[in-house]
Amino acid sequence: MLIAEIHGKRCIEAESNEDWLTSAVFGHLRHVRDGAFWKAVFGKAQSVRESATTLLREIENEHMGLESECEFSVSFWPSYKDYGEPDLLLRFSGSGVRSLLLIVEVKLNSYKSGSGSNDQLRRYYDLLQDKAALGSLLADDPITALVYLTERYSADELRDSVECSKQVLASRRMFSLQWQDVLEAAEERGPFEGSLLWEVLQFLKGRGFERFRGFPQSSANFEMLSGHFYASQYFQRYVKLKAIPNGGFYGN
């Protein structure tokens, strides 16, 4: 009994731990070289400026194209003095094109930390402009951007960080992305069973990151549900309410 309780607590801890989620998903994605998948992901990453844009559009405007077999590297939780420890540092590169350097900050059940000059996302975006801190990563003048990856709606948080930043391109280079977007990008690629991308897709579905797309059954099939609650006439569009309101709830 005690072992079962301990196991249950560990499962709950794992499910609520954003670092475990990050390592589980990006531990797989670091091996996915499918340029079309990353384009789909970047096409869903939204800026929060008035004339919103996507990360994909921004890198295409800078004449950086992701090849069908893209090359990139991933660093997990790199630590930088005065800036902190972002979750991911991704670098995409290719022959004859500018590289792309991304910081991805991941949240699950928590919010960004700090405010004002100590705003977490502002610090990470400032890091992307610091040649002394990043050294050779900025040697070839890459396109730099920050992606805030969350489960919930986070545009307001990101908008606040943009306002805190004094960087000229902050409103165009800080993007909001949801785990649901990553799942849908994988789904759009239709990965074959057993592939790394398929495993990521199944994992995200298992974690419940699918967007609500309506009830799977039509009203005609509601009587199949136990308890017959949804078989009530109030859930059947083709049944006309015969009661005549007389001040009570649908009459007496």
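**Sheet, helices and cores**

Visitor: What makes strand 3 and strand 4 a pair?

Guide: This is a predicted model, and in it strand 3 (residues 88–93) and strand 4 (residues 100–106) are joined by 5 bridges, in the antiparallel sense. Two strands pair if there are at least two bridges between them, so strand 3 and strand 4 count as a pair.

Visitor: Why are strand 1 and strand 2 called edge strands?

Guide: Follow the order of the open sheet, which is 1-6-5-4-3-2, with mixed pairing among its 6 strands. Strand 1 and strand 2 (71–76) each pair on one side only. Helix 2 (residues 18–29) packs on this sheet, touching strand 2, strand 3, strand 4 and strand 5.

Visitor: How do you know that L158 in helix 7 is buried?

Guide: Buried means under 20% relative accessible area, and L158 is listed among the buried residues of helix 7 (residues 155–164), along with A155, E157, S161, V162 and C164. Those buried residues pack against several elements, including helix 5 (120–127) and strand 5 (143–150).

Visitor: Which residues touch the most other members of the largest nonpolar core?

Guide: That core has 43 residues, and L29, W38, F42 and F92 touch the most other members. Leaving out residues up to four places away in sequence, W38 touches F26, L29, V32, L66, C70, F72 and F92. There's also a second, separate core of 20 residues, with L101, I103, L158 and A170 among them.

Technical notes. Residues numbered from 1 in each chain as written. Predicted model: local features only at pLDDT ≥ 70, side-chain atom pairs only at ≥ 80, totals over all residues. Heavy atoms only, no water. Buried < 20%, exposed > 50% of the residue type's maximum accessible area, 1.4 Å probe, protein only. Helix = DSSP H or I, 4+ residues; strand = E, 2+ residues; numbered from the N terminus. Contact = heavy atoms within 4.5 Å. Axes fitted to C-alpha atoms, helices over the stretch in contact; angles between N-to-C directions. Core = buried A, V, L, I, M, F, W, Y, C linked by side-chain atoms within 4.5 Å.
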